[in-house]
Amino acid sequence: MPPTGTPSDETTATGAPRPAGPGRLAGRTVSRIGYGAMQLGPRLDRAAAVAILRRAVELGVDHIDTAHFYGDGFVNGLIREAIRPEDGVLVASKVGATPDPGGVHSLRLAQRPEELRAGVEDNLASLGLDRIPLVNLRRTDSGPGLRAEGDQVVGLDDQLAVMVAMRDEGKIGAIGLSSVDLGTLSRALPAGIACVQNAYSLVSRDDEDVLSLCVAQNIAWVPYFPLGSGLPGLPKVTDEPAVVAAARSLSSTPAQVGLAWLLHQAPNVLLIPGTANAEHLDANVAAGAITFDDATLAALDAVPSRSGDIALG
């Protein structure tokens with residue numbers, strides 16, 4: 001085993017084995033199972049939240065996904081407190097929205113170029129970094145979520161211009177995209193795209209064409225809502241009979257089966273399941289060790305995709 005502080009394909013900088021093995025993100029090797037920090041909101045005890053982040057690192061997580069608009073900087077502050085340089089963690093953040101505490105969804109879109117720049121500056125400040133390794137531009141082209149209206153309908157070229165400028169300035173290391181369709185990703189390729197975050201799960205496979213392009217271009221595919229969602233109209237992976245049956249036969253949980261199925265879709269799939277529960281965190285990471293026989297995988301693949309295109313505002 002390499003010494004602590006020297007990451008490899010097999011181990012992280014802390015010497016922990018990589019759950020689900022190695023993947024590539026923003027020019028770095030990361031564990032294929034990472035952690036999404038959105039659920040570490042202000043209602044959670046701060047010490048407990050920091051402990052969750054430390055436990056993730058112990059388990060081999062070295063890719064943490066966040067955003068300044070998660071709790072208006074609160075979650076970023078937790079990461080700043082919990083994660084140390086020697087942990088070798090790639091922190092990915094996002095822009096395209098901003099906190100709106102009095103609003104229906106507690107955030108509003110912030111798509112204009114000057115708002116994207118302000119979002120990066122907010123993330124730098126709350127994370128305590130001089131450079132964010134990866135920043136995802138959250139658009140509204142596909143998947144569930146808010147839809148741009150009025151002055152928030154902004155052309156991709158204008159947005160990419162400011163993202164590329166901030167990359168050239170050294171404020172961000174790499175550019176990702178979120179909630180994009182095939183046309184948007186295709187047009188963005190010349191800018192150099194490291195990652196795509198779209199809603200994608202066993203029951204929500206509308207973006208197979210986007211995933212295929214990511215595979216062809218060696219772009220990391222980082223699905224959000226990896227187990228479907230409890231949002232109105234969106235099915236849950238864990239309710240599927242085929243998933244429940246597979247979990248029973250494998251002595252695992254339906255959630256673990258849903259995560260493992262995603263890892264089997266393509267080598268560029270990286271997961272960022274989020275939780276504020278230590279037991280769930282351990283279970284999510286353990287999903288990386290699950291394998292399927294041909295019959296089980298065929299039964300899971302036969303589950304229909306039926307997410308539709310539901311907007312939340």
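1. Let's begin with a term: two strands pair if DSSP finds at least two bridges between them. Strands (E, at least two residues) and helices (H or I, at least four) are DSSP runs, numbered from the N terminus. With that in hand, look at strand E9 (residues 175-178) and strand E10 (residues 193-197), which pair in the parallel sense over 4 bridges. Within this pairing, Leu177 stands opposite Val196 in E10.

2. A word on what you are looking at. This is a predicted model, where local features need pLDDT of at least 70 and side-chain atom pairs count only at pLDDT 80 or more, while totals for chains, interfaces and linings use all residues. Residues are numbered from 1 along each chain as its sequence is written, and side-chain values use heavy atoms, with hydrogens and water left out.

3. Now step back to the sheet. It is open and has 7 strands, in the order E3-E4-E5-E8-E9-E10-E11, with parallel pairing. Strand E3 (35-36) and E11 are the edge strands, each pairing on one side only. Helix H3 (residues 113-127) packs on this sheet and touches strand E5 (90-95) and strand E8 (134-138); contact means heavy atoms within 4.5 Å. The direction of H3 makes about 145 degrees with that of E5. Here axes are lines fitted to C-alpha atoms, for helices over the stretch in contact, and angles run from 0 to 180 degrees between N-to-C directions.

4. Next, the aromatic rings. How many aromatic pairs does a search of the whole structure find? There are 4. Rings of Phe, Tyr and Trp (its six-membered ring) pair if their centres lie within 6.5 Å; planes under 30 degrees apart count as stacked, over 60 as edge-to-face and the rest as tilted. Phe69 and Tyr70 are edge-to-face, 5.5 Å centre to centre with 90 degrees between the planes. Both Phe69 and Tyr70 are buried (under 20% relative accessible area; exposed is over 50%, partly exposed in between, with a 1.4 Å probe and protein chains only).

5. Tyr200 and Trp261 make a stacked pair, 6.3 Å centre to centre with 25 degrees between the planes. Tyr200 lies in the loop between E10 and helix H6 (208-216) and Trp261 in helix H8 (residues 254-263), so this pair ties together parts that are 61 residues apart in sequence. Tyr200 counts as buried because its relative accessibility is 1%, and Trp261 is buried at 1% too. Ring pairs link Tyr200, Trp221 and Trp261 into a cluster.

6. Finally, visit Ser229, in the loop between strand E11 (220-221) and helix H7 (241-250). Is Ser229 buried or exposed? At 10% relative accessibility, it counts as buried. Leaving aside residues up to four places away in sequence, Ser229 touches Leu234, Pro235 and Lys236.
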